[in-house]
Amino acid sequence: MGGQREHNKGPVIAGADSDGLSIDTVRHILWDWDLVTNVIRWSEEGPAAATYGVPEGPLPPSWWEERIHPDDRQRVMEQLGAAVATGERFSATYRLRRANGSWAQVYAQAVVIPGLAGEAVRMVGSLQDHSDRHEAIAALRERESQLATIFGQAMIGIMHLSPDGRVLMVNNRMCEILGRSEGQVRSERFTDWTHPDDLKSNLRLLAKQAKAAEPCMIEKRYVHPDGTMVWCSVHLSFVGSAGAVTGIIVVAEDITARREAEIELARQKALLQNVVDSVSDLIFVKAADGKFILTNRALEENCGLLTGRRTSDAFAQDLVRGLEVVDAEVISSGQPREVEEVIPVKGSPRLFDTVLVPWVKDGAPAGVIGVSRDITDRKAAESALRESELLYRSVLQASADCIKIISLDGRIELMNEPGLCTMEIAVPEDIVGAEWAALWPDGGREAATQAVARASAGHVARFTGFCPTAKGTPKWWDVVVSPMNDEDGRIVRLLAISRDITLSRQTAEKLRWTSEHDGLTELPNRKTFQARLQGATIRAMESGEMVGLLLMDLDHFKHVNDTLGHSAGDHLLTIFAKRLTSSVRARDFVARLGGDEFAVILEGVKEEEDLIRAGQSILARLQAPISVDGRAISAGASIGGALFPRDASTAQELFNNADMALYSLKAAGRGGTKMFHNHMRQHAQNVASQLSLARVALSEESVIPNYQPKIDLRTGEVAGFEALLRWRHPRFGIQLPETVAEAFKDYELASRIGDLMQRKVVRDLRRWEDRGFVPGPVSINAAPAEFLRDDYAERLLKIIANAGVSPRALEVEVTEHVFFDRASEFVARALKALHEAGVRIALDDFGTGYSSLSHLRDFPVDVVKIDHSFISKMIEEPEIGAIVSAVIDLARSLGIDVVGEGVETEQQRDVLASKGCSFGQGYLFGRAAEADEVQLLLRRVQAAA
């Protein structure tokens, strides 16, 4: 039998393929085991046999067994014995020692050949080297782990969408940005989060870019379920190719703060973005042999799939030589390097700033970690790689923020080098092991402690606080603390990222100070004065004390400007302001109201004599001549005063009466101090005349609404009208409302004129609608006095209902004066009732000196109208233009329409449109006209449509 088996050896090996065994001797080894003689013959030719050092001639099974890895040996031999005993096919994967002593991952398979009696007499099989496949699978798993860590810990929002907009994957930060739980995000589509004003353009851009599979970046708004809006910089990239997109990758960064900050300030902030917040940089990890271990999506999209390939496989040789030289220097020196290099991006050369740091693994340099930033366009933030604490330590050196790794008990384990520098800490040993919260002063320690507790519980915490450096340099910080998880999802450490916002806070504080003070004299300005006066009168009412107000003008100031020039006038104002401040009590409030007008608020005065003495003290202090360009100028002043509550019941009335006293003094001859008395009301006769005319207009019902169109600046179409009061004088014809202006301060007359005006406007609306015309909302002006009876809303809504007109066809315009009047409570109630009924509310003359952002917060404002005084100056005066832009941006961010009043030129219209103003009104578009002319206009508009 032995000779027979020997005779059959060749045919059995040659026929092995018929049993499913490979005969590729280049990659495989064939073997034939004679189970009777217990010897194995191995194929002795080819590279595979040489790899394992197979000797010539038959070999005992022990030769094979000894070369199986000890951890695999028992299992393989048991499987082999079972196959011989049962006659079943043998297959196994295990490690086999090569001739050079290394281990190969092999796959063995064999079949049992029975003898004549059915017993197993022979086994024929093959060995296949699977090492490459095993290494590839291991590398893939490592990459998946690394990418999962980056995805989960990223401080920018990342989301994977299907082509139809369904959410496939989303990280925690994206859920925070959208203000929704992961379940809510997955149950919705991106159209549910996108701001309505952005949706149309977003869909159009998405369709265009998806068709070509071209990435893009946009700035857009997301809306939380509670209506809160978040501005984000969103980077879209597409999985797939043009015409065959299979997925969409969305990377979003919350830029709300940046959008709200000053544009100039934003340009100056060139700080590196948080390593975790950015993915637009090219990030990679390379082994010492040049093989890419890890690449980020940006690198793959720009340079192709590099993982598993070497530098020489992917780039031109002239570029490879430079890259390998720098890599070798970093590995050998153990020091980071920063170089500028040209990297081909989609075939086009781009200049990158690359930071290389050593990748340390198991205590020895294993390669390099690189972050390449495209500096041909703009700097972008770096993406974080968090494979291990040592990998963090290397990558973190590229960030300009102060980044710390904190243990769960709140102690610092690691701080990056830029953080040490910013905190003015000499060496890491001075900070490592310290309790992080204890480093904060009392004002910020509690916030830091709570942030650690919140992050330890699995949440991201954020706060802003003050903490000086180690050398006492004052610093303000924006701090984000987030949990760091291991592979099992357990929180093992905390990541704290602190950004130095000292400069931005100082700039914001400077801007706030500038908005509240006069730039020349550095005294509080008119806006601040009004708020202070309002507060002083309220405090006086609560305490029962008196408040004194002194208003003053410089005597002959215009003469100084005209004869010596404006620089001399500015110098005079500056000296006057200093002398005025030094001549009153420290608790008194001094302000410049504009031009040569100044004011002093004196709280806690006892009697009129206190104000007179204060005025005399001021005048005495001003008697000393002021030197201007070598000339001595006498700076005299005229002062008018009034007491609250003796002379007035409101802050505005107190101001008016002090101003009346000043006017009376100046009319009688300048110089000195004069207190208000009732007999100064010289304009009483004029008031009486105007009230008489108003009664005539009411008795004859000669009030005639005139309508001025409001135009949509985007389309040029008529968007509505403002009803303006005109009345017909029996002798002098059509008159403007200024001729009866005092009537609007009288409750009875203002109410009656308002009722008559409302009835006529609603009647015109009804007539236009019956003829098929839709004029858009028609606005009616409401005087403060009309609200005094506290039934303004009910009366207007009744008129609307009786006429059968929709409340949405009407708009009520009020100025900010109504909020300072004693009927402000009635105003608030009326506006709320009208708004809830569907009547739109417009805030007229916004920005004319009584503006308060709290009005936009506390009252239901739908429209803001920018006063014509700003529109007329916004082109020639950049400061006015900036104010107009700010008002438009503020209103748009609050969802409020904006109307520019007094538009008289094409240039003004174009500038308003470019700033984002929705509507315009003024002589450029048409003067106010009576109802019949408006009907003709509406007919022409309808015919043109």
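Two strands are taken as paired if DSSP finds at least two bridges between them. Helices (H or I, at least four residues) and strands (E, at least two) are DSSP runs, numbered from the N terminus. The model is predicted: local features need pLDDT of at least 70, side-chain atom pairs count only at pLDDT 80 or more, and totals for chains, interfaces and linings use all residues. Residues are numbered from 1 along each chain as its sequence is written, and side-chain values use heavy atoms, with hydrogens and water left out.

**View 1. The open sheet β12-β11-β15-β14-β13 has five strands with antiparallel pairing.** β12 (292–295) and β13 (337–345) stand at the edges with a single partner strand each, so one side of each has no neighbour in the sheet. From one strand to the next the twist averages 30° (axes are lines fitted to C-alpha atoms, for helices over the stretch in contact, and angles run from 0 to 180 degrees between N-to-C directions). β13 is joined to β14 (residues 348–361) by nine bridges, and the two run antiparallel. Within this pair, I343 stands opposite R350 in β14. Helix α14 (residues 317–333) packs on the sheet and touches β11 (282–287), β13, β14 and β15 (364–374), where contact means heavy atoms within 4.5 Å. The direction of α14 makes about 150° with that of β13.

**View 2. The largest cavity has a volume of about 150 Å³.** A cavity is a set of points, on a 1 Å grid over the protein atoms alone, where a 1.4 Å probe fits but cannot get out; lining residues have an atom within 4 Å of a point. Grid points are joined across faces, edges and corners, and a volume is the space filled by probe spheres set on the points. The whole structure holds six cavities of 30 Å³ or more. The largest is lined by 16 residues, of which F284, F315, L323, E341 and I343 are the closest to its centre. β11, α14, β13 and β14 are the elements that give two or more residues to this lining. By class, the lining has ten nonpolar, three polar and three charged residues (Ala, Val, Leu, Ile, Met, Phe, Trp, Tyr, Cys and Pro count as nonpolar, Asp, Glu, Lys and Arg as charged, and the others, Gly among them, as polar).

**View 3. A second open sheet of five strands has the order β17-β16-β20-β19-β18, with antiparallel pairing.** Its edges are β17 (412–415) and β18 (461–466); each has a single partner strand, so one side of each is left without a neighbour in the sheet. The twist averages 25° from one strand to the next. Three bridges join β16 (residues 402–406) to β17, and I406 has I412 in β17 as its bridge partner.

**View 4. The second largest cavity has a volume of about 120 Å³.** Its lining includes C402, K404, M415, W436, W440 and W477. Ten nonpolar, one polar and one charged residues make up the lining.

**View 5. Helices α26 (residues 792–803) and α27 (residues 824–837) cross at roughly 30°, with axes that come within 8 Å.** The two helices are therefore roughly parallel to each other (angles under 35 degrees count as roughly parallel, over 145 as roughly antiparallel, 65 to 115 as roughly perpendicular and the rest as oblique). Y792, A793, E794, L796 and L797 of α26 meet R829, A830, A833, L834 and A837 of α27. These contact residues divide into eight nonpolar, no polar and two charged.

Definitions and conventions. 1 Å grid on protein atoms, 1.4 Å probe; cavity = no way out; pocket = protein on both sides within 12 Å on 5 of 7 lines; lining within 4 Å.
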